Amino acid sequence: MHSKDQISHDDYQKTADWLMSQTKHRPQVAIICGSGLGMLADTLKCQDSFAYSDIPGFPQSTVQGHAGRLVFGELKGKSCVCMQGRFHMYEGHSLLKTTFPVRVFKLLGVETLFVTNAAGSLADGLQPGDIMIIKDHVNFPGLVGLNPLCGPNDDKFGPRFPAMSGCYDKNLRCLAMEIAKQLGVAGLMQEGVYAMVGGPNFETIAEARLLHRLGVDAVGMSTAPEVVVATHCGLRVFGLSLITNKVVKSYEDLDSVNHEGVLEVGRLRSHTVQQLVTELIGRMEINNNTNNAA
Ligand SMILES: O=P(O)(O)O[C@H]1O[C@H](CO)[C@@H](O)[C@H]1O
Ligand SMILES: Nc1nc2[nH]cnc2c(=O)[nH]1
């Protein structure tokens, strides 16, 4: 990694200080909206919103379905900040830029990070429109050294060698399932393993079969770097994948996936995802910032 790719603690702090000078909100919860899921921000009350292009140090969103706006507001009595649009490695951002907001959130006082994404399913039991609670991930770029934590470690954020075995909080996963039952949508939900691939192309059939054999339930092109950086700096993490398509695994299957279809499923399920996230934020306890997944 070259030094020009490095971001100093001061750089994160400057962005956090700028945001704190522009809004009175002091968020406890941050939400990253996946493709087509930007409407999660619409539920926030007393909003202050900032275009990414106006925030010092922030990268820019380039993907359709990612508006490029940071929205602060209240949800069920909790102070939140919501990214309407995330950054992906395939856009050409360095992984440190991709995950820049996560460390800014930490400096703003955020304790819990919600990550959401659109993903293709490999598991036979996951259909388009289903919602997968992320139990664990496979960070394929990370396994070959494309990891935002590569390079000098910033000890102020976390340790050189952080554990990742408990990165998706078990209590929040259980609470989410309980809420799904109460909302009558438990039939749409199950836990599973998300894998991040680099993208931007969707999978070949051979790649889909490989991922399936490896035990991956859903695949996408994001999330893992954000979760790695969040866990490194001690944030509690909860993640949801909206299944937008089945990944084609058979040479006989003539279906093929496209980004418009991915966004469309997001629109169709937006209300349910919104309800789940709102209830979960309303009912979860704050100040219990321990990683206890199993
Ligand atoms: O992961 P999110 O941002 O939800 O988006 C997913 O959807 C896009 C492909 O349609 C890719 O960017 C993939 O990662
Ligand atoms: N890699 C990948 N990302 C996705 N995002 C939404 N659907 C998919 C998919 O099928 N594959």
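User: What makes the side chain of Asn 245 a polar contact of ligand 2?

Analyst: In this predicted model, an N or O atom of that side chain is 2.7 Å from a nitrogen atom of ligand 2. A polar contact is a pair of N or O atoms within 3.5 Å (within protein, one must be able to donate a hydrogen and the other to accept it, and residues adjacent in sequence count only if both atoms are side-chain atoms). So the Asn 245 pair counts.

User: What ground rules apply here?

Analyst: Residues are numbered from 1 along each chain as its sequence is written, and chains are lettered from A and ligands numbered from 1 in the order in which they are written. Because this is a predicted model, local features need pLDDT of at least 70 and side-chain atom pairs count only at pLDDT 80 or more, while totals for chains, interfaces and linings use all residues; side-chain values use heavy atoms, with hydrogens and water left out.

User: Which ligand 1 pairs count as polar contacts?

Analyst: Among them, a polar side-chain atom of Ser 222 lies 2.5 Å from a ligand 1 oxygen. Tyr 90 has a side-chain N or O atom 2.7 Å from an oxygen of ligand 1, and a polar backbone atom of Met 221 is 2.9 Å from an oxygen of ligand 1. The protein covers 96% of the 350 Å² of accessible area that ligand 1 has on its own.

User: What makes up the shell around ligand 1, by class?

Analyst: There are 5 nonpolar, 7 polar and 1 charged residues. Ala, Val, Leu, Ile, Met, Phe, Trp, Tyr, Cys and Pro count as nonpolar, Asp, Glu, Lys and Arg as charged, and the others, Gly among them, as polar. The shell around ligand 2 has 8 nonpolar, 4 polar and 1 charged residues.

Note on methods:
Accessible areas come from the Shrake-Rupley method with a 1.4 Å probe; for residues, only the protein chains shown count as cover.
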